[in-house]
Amino acid sequence: MGAYTTIAPVVSKIFCSSSHAVLMVRRRPPTVNGGGFVVTDQDQRAVFSVDGCGIIGASGQLIVRDGDGNAILFIHKKGGVVQALCVNNWWRGYLTDYGEPSKLVFSLQDPKPVLCMKGDVQVTVEPKGRNRHWDYEVTGSFVQRACAIKNRAGQVAAQIGVKGMMAGRDFYQVVVQPGYDQAFVVGVIAILDNIHGESTRC
């Protein structure tokens with residue numbers, strides 16, 4: 001992997017593994033715990049969960065929790081008049097401290113489809129460098145569960161796909177490569193879910 005052998009964690013090094021991690025995402029219907037989704041490992045243990053509008057009660061806000069139910073990421077869609085005039089929707093992911101947003105750790109820009117014929121979802125990890133505009137991009141189709149999160153060098157950090165008889169839009173697989181922050185990957189997936197009007201959306 002060359003220069004990317006040691007990858008700086010985005011949320012925390014405790015969510016990074018020296019081997020690849022196979023995670024399963026199961027969406028909750030809005031009538032069950034307000035929607036969102038649960039992420040399990042290969043032993044079917046819940047390692048993350050995501051709360052959306054059905055639980056939080058606010059559009060454009062998401063919470064990523066660890067396996068013990070502790071809030072680790074607060075994700076917020078930027079709003080206001082300035083945002084309405086931008087060609088991109090902007091999302092921001094914050095570490096949580098005692099349940100409240102504290103430190104900004106990443107930003108995600110999603111091109112508005114009415115203004116852009118095509119555009120990749122791009123993610124910038126904080127703090128930003130002077131000579132870079134993004135660190136990761138999402139390629140492929142999240143709706144079809146056939147996409148990847150890649151770094152600037154084009155290396156796959158995580159692959160989203162379907163596998164098995166039960167697989168589909170409500171139950172799909174995410175393979176996170178060694179060294180990459182699994183909580184960060186789940187945060188990006190939570191935003192993609194919301195962008196496409198799925199389980200986290202009101």
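The following legends describe close-up views of a predicted model.

**View 1. Strand β1 and its two partner strands.** Strand β1 covers residues 21-27, and five of these seven residues are buried, so the strand is largely enclosed by the rest of the structure. Strand β12 (residues 171-176) runs antiparallel to β1 and is joined to it by six bridges. Within this pairing, R26 stands opposite F171 of β12. Strand β2 (residues 37-40) also pairs with β1 in the antiparallel sense, over four bridges. Here the bridge partner of R27 is F37 in β2. In a regular strand, side chains alternate between the two faces of the sheet.

**View 2. The aromatic pair of Y136 and Y180.** Five aromatic pairs are present in the structure. In the pair of Y136 and Y180, the ring centres are 6.3 Å apart and the planes stand at 75 degrees; the pair is therefore edge-to-face. Y136 belongs to strand β9 (residues 136-141), whereas Y180 lies in the loop between β12 and α3 (182-195), so that the pair links distant parts of the chain, 44 residues apart. Both Y136 and Y180 are buried.

View 3. Y136 forms a tilted aromatic pair with F184, with 5.2 Å from centre to centre and 50 degrees between the planes. Because Y136 lies in strand β9 and F184 in helix α3, the pair ties together parts that are 48 residues apart in sequence. Y136 and F184 are both buried. Ring pairs link F106, Y136, Y180 and F184 into a cluster.

**View 4. Arginine side chains over aromatic rings.** The charged end of R145 sits over the ring of Y172, at 4.4 Å from the ring centre. R152 lies over the face of W134, 4.8 Å from the centre of that ring.

**View 5. The disulfide of C53 and C202.** The structure contains one disulfide by the distance rule applied. The cysteines that form this disulfide are C53 and C202, with their sulfur atoms 1.4 Å apart. The link of C53 and C202 is right-handed, with 75 degrees about the S-S bond. C53 lies in helix α1 (residues 53-56) and C202 in the segment after α3, so the pair ties together parts that are 149 residues apart in sequence. C53 is buried, with a relative accessible area of 10%, whereas C202 counts as exposed at 63% relative accessibility.

**View 6. The cysteines C16 and C147.** C16 counts as partly exposed, at 23% relative accessibility. C147 is buried, with a relative accessible area of 1%.

How values were computed: Residues numbered from 1 in each chain as written. Predicted model: local features only at pLDDT ≥ 70, side-chain atom pairs only at ≥ 80, totals over all residues. Heavy atoms only, no water. Buried < 20%, exposed > 50% of the residue type's maximum accessible area, 1.4 Å probe, protein only. Pairing = 2+ DSSP bridges. Phe/Tyr/Trp six-rings, centres within 6.5 Å; stacked < 30°, edge-to-face > 60°. Lys NZ or Arg CZ within 6 Å of the ring centre and 35° of its normal. Disulfide = S-S within 2.5 Å.
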